[in-house]
Amino acid sequence: MDLKELLGKSIQELRLRLGLTQEKLSEALGISINQMQNIEQRRSLPSLRVLLKLHQKYGFSIDSALDAADQPSNHTIQELIYELQECNPEDLDEIAFIFKRILRFRKDR
């Protein structure tokens, strides 16, 4: 996921969670509705000034937005569950072993 997509999605989710329209949020941030639409539609990046205002007024966190990109989607998890259900017990044991090794390796890095 690129930065435009990541920030646009996060800002849109924040706006919806707050129950604000694009117009109201753009007014609060001091930008045009066109700029707000371009940000949410992933056509442009928000300026640093906009990100700062989002943080000051609404607690928006760029760190949280970036961390969200590292989280697997529900679709990915459902795909994995489906695939695992199709495995025989021996394969499941081997997959579990490999999975645990990967987790241990990532933790040790």
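The model is predicted.

**Salt bridges**

I searched the whole structure for salt bridges and found two.

I looked at Lys9 and Glu13 first. Their side chains form a salt bridge, with N to O at 3.1 Å. Both residues sit in helix H1, four residues apart, so about one helical turn separates them. I checked their accessibility next. Lys9 is partly exposed, because its relative accessibility is 35%. Glu13 is partly exposed too, at 39%.

Then I turned to Arg15 and Glu40. They form a salt bridge, and the closest N and O atoms are 2.5 Å apart. Glu40 lies in helix H3 (residues 33–40) and Arg15 in helix H1, so this pair ties together parts 25 residues apart in sequence. I asked myself: are Glu40 and Arg15 buried or exposed? Both are buried. For Arg15 the relative accessibility is 9%, and buried means under 20%, so Arg15 counts as buried. Helix H1, where Arg15 lies, covers residues 3–18.

**A serine in helix H2**

I moved on to Ser26, in helix H2 (residues 22–29). What does the side chain of Ser26 lie 2.8 Å from? I found the backbone oxygen of Glu23 at that distance from a polar atom of the Ser26 side chain. Ser26 is buried, with a relative accessible area of 2%.

**A negative patch**

Last, I looked at charge on the surface. Glu90, Asp91, Asp93 and Glu94 gather there in a negative patch. I picked out Asp91, which is in helix H7 (residues 89–108). Its relative accessibility is 35%, so Asp91 counts as partly exposed.

How values were computed: Residues are numbered from 1 along each chain as its sequence is written. This is a predicted model: local features need pLDDT of at least 70, side-chain atom pairs count only at pLDDT 80 or more; totals for chains, interfaces and linings use all residues. Side-chain values use heavy atoms; hydrogens and water are left out. Patches are made of residues with over 30% relative accessible area and no salt bridge: like charges are joined within 9 Å, nonpolar side chains (Val, Leu, Ile, Met, Phe, Trp, Tyr) within 5 Å. Accessible areas come from the Shrake-Rupley method with a 1.4 Å probe; for residues, only the protein chains shown count as cover. A salt bridge is a side-chain nitrogen of Lys or Arg within 4 Å of a carboxyl oxygen of Asp or Glu. Lys and Arg count as positive and Asp and Glu as negative; His and the chain ends are not counted. The place of a charge is taken as NZ of Lys, CZ of Arg, CG of Asp or CD of Glu. Helices (H or I, at least four residues) and strands (E, at least two) are DSSP runs, numbered from the N terminus. Buried means under 20% relative accessible area, exposed over 50%, partly exposed in between (1.4 Å probe, protein chains only). A polar contact is a pair of N or O atoms within 3.5 Å; within protein, one must be able to donate a hydrogen and the other to accept it, and residues adjacent in sequence count only if both atoms are side-chain atoms.
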